[in-house]
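Notebook open, structure loaded. I want to look up charge pairs, sheets and pockets, in that order.

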Amino acid sequence: MNYMIEQIKSLPELMEKIFQPLDDSIRQKLDHDLCLSLKHINVVGCGDSHHAALGTELAFETLTKLPDEPMTAMAFARYGAGFLPQTNPKTNLVIGISVSGGVSRTAEALRMGAQAGATIAALTATPSSPVAEASDIILDVPVPEFPSPEGAIIPGVRSYFTSQVGLYLTAVRIAEVRAELTQPEAKAARAEIKGMAAKLSETIDACDPIAKQTAEAWGDAGEFVFAGSGPNFASALFSAAKILEASGDAAIGQDIEEWAHLQYFAKVVNTPTFVISAGDRDLSRAEEVAFAAKQIGRRLAVAAPKSAKKLVDLADVYFPLPEVKEMYSPLIAGVPGELFAAYLAEVKKEKFFRDFTGGRSIEGGGGISRIRTSETWENWK
């Protein structure tokens, strides 16, 4: 059994299990005084957590009307925290994402943010963890059990999805308290987010057989490119990450515009290239880039709604996405890449995470990579 596929198929049900506990925690912990005082938000994390931060930036800024700056934990901890705007108490909020709570760099980022005078919130499932201990506020992340073989390490999709939902609900909470959303509008926004479970089911059902067929057809490739912009730059990065974790092939997530400046010149002509679009702000450039990719011989997959007809018509392979607001589209737009990565590992008979061999170890999230045991700064330098 391919347990990564099973995880992906569990996401609609996961929404039903996590939505209310997340919303209750966020509404209880983010009080009026904090929400009304805010002038600036940073969201920090590593890997999938950083991708969740990037993918929700548009929602934060659209809903709260506040500047939101997603950063990798390393960039914030070592290069950004000391330069937060110095204003009044509770005007800077730093949200750290780590479901495990054990990532050294994220804990360091939160400590540096606290030293700069920011209010620190952790989106985590582990209240006794270093990330939680570095925080003023703990936004409790529910982690429903999922059946898998004992000791199995599976590329994460459930934790990424949970982090996304938590961040969207955080944006709605702040917007409602600040009266950027009326109570009926906030209620509708929450219902729209929860309703994405049905859109997820639709996406998974439509894309699953296409992903399997495409993995079988394109399994000869050793490099994959995913391109997206705005919130779906995050979907591109996340999709590339799942390839690296699942099959171990070289994969890159790229901004659509940057593809034209960089991957356009790559020498492997038939490199599989996935263009991800919600059919909104990025659409005209996505069409141009997809046309260019086809002209230079790339195998082209498109994940987009049917309304993006010109883009869809260019595709060798089409992954249909439902019509949703662009700011919420990362909740579904990563599904084609997730499914493709899972089936690609199956086609290539590749063990997830290289089975932590070749000098790697499961300990600390990779052993010598020291994700959880890295040396950290105690004070800003």
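**Salt bridges.** I get 23 salt bridges in the structure, taking one as a side-chain nitrogen of Lys or Arg within 4 Å of a carboxyl oxygen of Asp or Glu. I picked out Lys 90 with Asp 33, where the closest N and O atoms are 2.8 Å apart. Lys 90 sits in the loop between helix H6 (73-80) and E3, and Asp 33 in helix H3 (residues 32-37), so this pair ties together parts that are 57 residues apart in sequence. My helices (H or I, at least four residues) and strands (E, at least two) are DSSP runs, numbered from the N terminus.

**Ground rules.** This is a predicted model, so I note that local features need pLDDT of at least 70 and side-chain atom pairs pLDDT 80 or more, while totals for chains, interfaces and linings use all residues. Residues are numbered from 1 along each chain as its sequence is written, and side-chain values use heavy atoms, with hydrogens and water left out.

**Sheet with E1 to E5.** I read an open sheet of five strands in the order E2-E1-E3-E4-E5, with parallel pairing; two strands pair if DSSP finds at least two bridges between them. Which strands stand at the edges? They are E2 (68-72) and E5 (137-140), each with a single partner strand, so one side of each has no neighbour in the sheet. From one strand to the next, the twist averages 20 degrees.

I then looked at E3 (residues 92-97) and E4 (residues 119-124), which pair in the parallel sense over five bridges. Val 94 is opposite Ile 120 in E4. Helix H5 (residues 57-64) packs on the sheet and touches E1, E2 and E3, its direction making about 160 degrees with that of E2. H4 lies across strand E1 (40-45), E2 and E3, and also runs at about 160 degrees to E2. For these I took contact as heavy atoms within 4.5 Å; axes are lines fitted to C-alpha atoms, for helices over the stretch in contact, and angles run from 0 to 180 degrees between N-to-C directions.

**Sheet with E6 to E10.** Here I find an open sheet of five strands, ordered E7-E6-E8-E9-E10 with parallel pairing. Strand E7 (250-255) and strand E10 (317-320) are at the edges with a single partner strand each, so one side of each is left without a neighbour in the sheet. Neighbouring strands are turned by 15 degrees against each other on average, direction ignored. E9 (residues 299-304) runs parallel to E10, and four bridges join them. Ala 304 stands opposite Pro 320 in E10. H12 packs on this sheet, touching strand E6 (223-228), E7 and strand E8 (272-276), at about 175 degrees to the direction of E7.

**Largest pocket.** I get a volume of about 1,500 Å³. On a 1 Å grid over the protein atoms alone, a pocket is an open set of points where a 1.4 Å probe fits, with protein on both sides within 12 Å along at least five of seven lines; lining residues have an atom within 4 Å of a point. The volume is the space filled by probe spheres set on the points, which are joined across faces, edges and corners. Of its 44 lining residues, the closest to the centre are Asp 48, Gly 156, Ser 159, Phe 353 and Arg 372. H4 (48-55), H9 (158-177) and H12 (231-246) each supply at least two lining residues, and H9 gives the most, with five.

**Second largest pocket.** I noted about 190 Å³ of space here. Its lining includes Tyr 3, Pro 149, Lys 351 and Asp 355.
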